[in-house]
Amino acid sequence: MTKENPRQVITRRSFLKLTGAITFAALGALTTYSLLGNEADSPVVERVQIPIPNLPAALEGFRIAQISDIHLYPFTTIELVDLAVQMANRLEPDLTVLTGDYVWHHTEPIFDLVPSLAQLNAKHGVYAILGNHDLWTDVKVITHAIEQEGLPLLVNQGVSISVGKSTLYLAGLDDGWSGKPDLAEAMANHPGDAITVLLMHEPDLAPRYAPDKRIHLQLSGHSHGGQVRLPFYGALILPYLSWKYPMGLYNIDGMWLYTNRGLGTTNVPVRVNCAPEITELTLVNV
């Protein structure tokens, strides 16, 4: 596993300072530009096909719904979460995954959030991982609240999901910024020939995991897509560990990576050219 250069690792404190400075500097521009249309309360479904060579027939058309980066309160409302849950359920997915960052600066919103998330419904279950903000608040409280509501939380763990005569292996890693992700531990029970989906909050860590050819797809969030994307320029600001792969589908050395734009907002309650996202990912044979 490649180690980060200590000089390149951004601490939580320096990240918050940097984000705050840029936020205040850009606030005027964002306010003006948001007049063109703030999409923060208008979630959309993005439908993406994931081509996998030699995909077993039982997994052809297998559909995964993904929700990420909710950050409940003060900008993300529970009404928006309820709407996203309804939209995800209407997809009638085979599997639903939550890829971290349920809160922002405080733990208390998790107790309002988990009853809504518990309404998610998928044929083969709903699984969650943690994000950096979940660790930055109180990871014990966040973990307890999620698990108490009956939502399986994968922290360096994997689970085999039987689909007909085939198996899909779902592996979930601890947060890659402030946690201790351990791929070997998460893959310890891998059956060897299963189609494998890896859940990792930060997308830019995908090159660490792509060399493991058992992994077909990594699902991430973290970036919010930048929240504000200017024409011909792109995102004004992106969080650490989402600079390379900020949104959408990528192929990294044969492994697919999909970065979800997230549902909530932080710093400023604005989304422009970057609507909140529920993703429907469909596995297809090639």
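Predicted model: local features only at pLDDT ≥ 70, side-chain atom pairs only at ≥ 80, totals over all residues.
Let me begin with strand E6 (residues 166–172), which pairs with strand E7 in the parallel sense over five bridges; two strands are taken to pair if DSSP finds at least two bridges between them, and the strands (E, at least two residues) and helices (H or I, at least four) are DSSP runs numbered from the N terminus. Residues are numbered from 1 along each chain as its sequence is written, and side-chain values use heavy atoms, with hydrogens and water left out.

Staying with this pair of strands, Tyr169 stands opposite Thr196 in E7, and Gly172 has Leu199 of E7 as its bridge partner. E7 also pairs with strand E8 (residues 217–220), again in the parallel sense, over three bridges, and here Leu199 stands opposite Leu219 in E8.

How many residues of E7 are buried? Five of the five residues in E7, which spans 195–199, are buried, where buried means under 20% relative accessible area, exposed means over 50%, and partly exposed lies in between, with a 1.4 Å probe and protein chains only. In a regular strand the side chains alternate between the two faces of the sheet. In E7, Ile195, Val197 and Leu199 point one way, Thr196 and Leu198 point the other way, and all are buried.

Stepping back to the sheet, six strands form an open, mixed arrangement in the order E5-E6-E7-E8-E12-E11. Its edge strands, each pairing on one side only, are E5 (157–163) and E11 (248–252), and the twist averages 20° from one strand to the next.

Now to the helices: H3 (residues 109–117) and H5 (residues 139–148) pack at an angle of about 25°, with their axes 9 Å apart, the axes being lines fitted to C-alpha atoms over the stretch in contact, with angles running from 0 to 180 degrees between N-to-C directions. That angle makes H3 roughly parallel to H5, a term that covers angles under 35 degrees. The contact (heavy atoms within 4.5 Å) is made by Ile110, Phe111 and Val114 of H3 with Val141, Ile142, Ala145 and Ile146 of H5.

Note on methods
Parallel < 35°, antiparallel > 145°, perpendicular 65-115°, else oblique.
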